[in-house]
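Please look over the structure below before reading on. The notes that follow are grouped by topic.

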Amino acid sequence: MIELKDIYKIYLDGDSEIHALDGVSFQVEKGEFVAIVGSSGSGKSTCMNIIGCLDIPTSGSYYLNGTDVSTMNEKQLATIRNRELGFIFQQYNLISKLNVLENVELPLVYRGIRHDKRKEMAMAALERVGLADRHSKFPAQLSGGQQQRVSIARALAGEPPVILADEPTGALDSKTGKEVLEFLKKLNREGTTIVLITHDNSIAAQIKRVVRIQDGKIISDEVKEETYEY
Amino acid sequence: MNIKQAFTLALKSLMGSKMRSFLTMLGIIIGVASVIVLVSIVQGMSDEMVSTFESMGTNLISVSIRGRGGNRTVTADQMQQLVDDNPDVIGAMSPMISVAGVIIKNGDTNLDSTTCTGVNECYKDVKNSNVQAGRFLTYMDVETKQNNCVIGTYLANTLFEGENPLEQTLKINGYSFKVVGVLEEKQNGTEGSSDDTVLIPYTVAQKLARMFMVSSYNFSAASKDTVDQAMDVIDNFLLSVYSSSNAYSVYNQAEALEQVNEMTGMMTMVLVGVAGISLLVGGIGIMNIMLVSVTERTREIGIRKSLGAQPWDIMSQFVVEAITTSAIGGILGILLGIAASYATTFFDLSVLISMTAIFIAFSVSVVIGVTFGYFPAKKASRLNPIEALRYD
């Protein structure tokens, strides 16, 4: 499903090179739930940007669903983001002047789906996160946990094979954070591949497979038999 | 994302900050409105001038003589001789003496807008103006310097209020004149039109105007086709007298009309140019606010890009927003322009609202939207999604 092969991402800072990713290789199979864990500056965000097709690697290849996306241009990457990936952000990143339904519809708008079909799909996604009755509310009228569920619905709406969650619980209190994480686990059991980025070990401990990144390199990649609930 | 969605989105965004949107549009509103008002006024003016010229007759040749000192002069009799010698080419001739500063008086009524012109008995043939009542001035009136006059319908209606004006007297600059005829209505019978006129024998007008040399003559060509020939005949004669073409000028209505059209055309260009500058300034205003809007919405752009918006989607969103702003401004400007054009009629200006001007002003405002929206939109579409998402 996701296959990174010897990925380098090098930024130039004046004369010196900064290796944000320094030869990273790993694979994620369909239906897996993977946590990428690292402290800030470890390269996990760069890794996330590359997996999320927001950026392309300096060298190395990245196969998503069998297609090499590491050499794609901006337009092709936009299409991949739209059809293959769903994003969940720490700050929810909902558009404040659009209501809940319109926010969830956005990826479908860019996919060019007709209005009535789009509404149907978006309502189905809101149904899954249990917020169908709030579809005409605006983001500011919802609690943080509800807003994050709306953003999950937005990621789900287009039924992408992979969901990328960047610190999805970072802005939430521990109780709602736990709810959101449980919800992601439920989605995973229903068949969605999920890659979660976090710096929080207590989150990572609840996820079966954990990839640790430090200084742009993978330092461990382990699959636990048991997960712990905190 | 299709155009309809982009348009809905743009409207929503404009409604989101009404005051800002209105102020942004203001430049376009004023620009479009001023184009329409100015063009309407100039068109109205030129229309009035053209109809005045046309009411004077199409075969008309005007001669004005400046002279060049010395004892070279032309008399009315010599001019008449010209008509008699060339009956196939020239139809008729009348001297034209306008008496300046005329005040017409009858009882308590004073009029100062009236034009008073000294003419001869052939004037009716030259100008094609017939009397509707009474008679025109005669050869005898002219030769014996009778204080008789023929008046236009405006005078007939205003001075005599329903009474039969014939055989009544009126005073021109203090001299009494007897009304012998009323002219047919030529324009609309209003003040200042060519119906607000009084004709007197030119020999009398020479006295009134204290001017003994006749410096202006009107000829009519025998027909439309002989206008050029008639002008040649007159020109040759005057050249033989004055031996310089600077001493006189001979022109006909067609030329004068052309001059009027040229002049109003130039005026239109100048005024539209000035209004165009305000449209340009309005466009820059739109660009400015669009740039601010792109910056404010950097994060939104990042979100949209992460969800798979193509650069084209982002670009069209902002261009459509700019077009919507300028088009709504354009429509408001058209409404304001039409209202203001009608308002100017209160100042006794005649206006003619030009559909062309409305169409052009609207198209220009849309083009301004595209032009000045393009740069900010391009900027938005090029934003890096990672940096845009990180923007606060």
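What follows is a briefing on selected parts of this structure, which is a predicted model.

Two chains, A and B, touch each other, with 18 residues of chain A in contact with 18 residues of chain B.

**Where the chains meet**

- Helix H2 (74–84) and helix H3 (100–111) of chain A are the elements that give two or more residues to the side of chain A that touches chain B.
- H2(A) supplies the largest share of that side, namely six residues.
- By residue type, the side of chain A that touches chain B has eight nonpolar, four polar and six charged residues.

**Helix H3 of chain A**

- H3(A) is mostly covered, since ten of its twelve residues are buried.
- Among the buried residues of H3(A) are Val100(A), Leu101(A), Asn103(A), Glu105(A) and Tyr110(A).
- Within chain A, the buried residues of H3(A) pack against H2, helix H4 (115–129) and helix H5 (144–157).
- In chain B, the buried residues of H3(A) pack against helix H1 (3–16), helix H10 (298–306) and H11.

**Strand S3 of chain A**

- Why is strand S3 (residues 33–37) of chain A described as largely enclosed by the rest of the structure? Five of the five residues of S3(A) are buried, so the strand is largely enclosed.
- In a regular strand the side chains alternate between the two faces of the sheet.
- In S3(A), Phe33(A), Ala35(A) and Val37(A) point one way, whereas Val34(A) and Ile36(A) point the other way, and all are buried.
- S3(A) runs parallel to strand S8 (residues 193–198) of chain A, and five bridges join them.
- S3(A) also runs parallel to strand S9 (residues 209–214) of chain A, here with four bridges.
- Val34(A) has a bridge partner in each of these strands: Val195(A) in S8(A) and Arg209(A) in S9(A).

**Chain B as a whole**

- Chain B contains 13 helices and 13 strands.
- Of the 392 residues in chain B, 44% are buried.
- Among contacts in chain B with a separation of 6 or more, 84% are between residues 24 or more positions apart.

**A sheet in chain B**

- Four strands of chain B form an open sheet in the order S2-S12-S1-S13, with antiparallel pairing.
- S2(B) and strand S13 (248–252) of chain B stand at the edges with a single partner strand each, so one side of each has no neighbour in the sheet.
- From one strand to the next, the twist averages 20 degrees.
- Strand S1 (residues 60–65) of chain B pairs with S13(B) in the antiparallel sense over five bridges.
- The bridge partner of Val63(B) in S13(B) is Val250(B).
- Helix H3 (residues 76–85) of chain B lies across S2 and strand S12 (216–221) of chain B, at about 170 degrees to S2(B).
- Helix H8 (residues 227–242) of chain B packs on the sheet and touches S1, S2, S12 and S13 of chain B.
- The direction of H8(B) makes about 175 degrees with that of S13(B).

**Helix H7 of chain B**

- In helix H7 (residues 202–209) of chain B, the buried residues are Tyr202(B), Val204(B) and Ala205(B).
- These residues cover an arc of only 145 degrees around the axis, which puts them on the same side of H7(B).
- The buried residues of H7(B) pack against several elements of chain B, including strand S2 (90–95), strand S6 (115–119) and helix H5 (139–143).

**Ile323 of chain B**

- Ile323(B) is found in helix H11 (residues 311–344) of chain B.
- Is Ile323(B) buried or exposed? Ile323(B) is buried, because 24 other C-beta atoms lie within 10 Å and the cut-off for a buried residue is 20 or more.
- Leaving aside neighbours within four places in sequence, Ile323(B) is in contact with Val366(B), Gly369(B), Val370(B) and Gly373(B).
- Ile323(B) and Thr371(B) are 48 residues apart along the chain, and their C-alpha atoms are separated by 9.1 Å.

Methods. Residues are numbered from 1 along each chain as its sequence is written. Chains are lettered from A and ligands numbered from 1 in the order in which they are written. This is a predicted model: local features need pLDDT of at least 70, side-chain atom pairs count only at pLDDT 80 or more; totals for chains, interfaces and linings use all residues. Two residues are in contact if their C-beta atoms, placed from the backbone, lie within 7 Å. Ala, Val, Leu, Ile, Met, Phe, Trp, Tyr, Cys and Pro count as nonpolar, Asp, Glu, Lys and Arg as charged, and the others, Gly among them, as polar. The arc is that of the directions from the helix axis to the C-beta atoms. Two strands pair if DSSP finds at least two bridges between them. Axes are lines fitted to C-alpha atoms, for helices over the stretch in contact, and angles run from 0 to 180 degrees between N-to-C directions.
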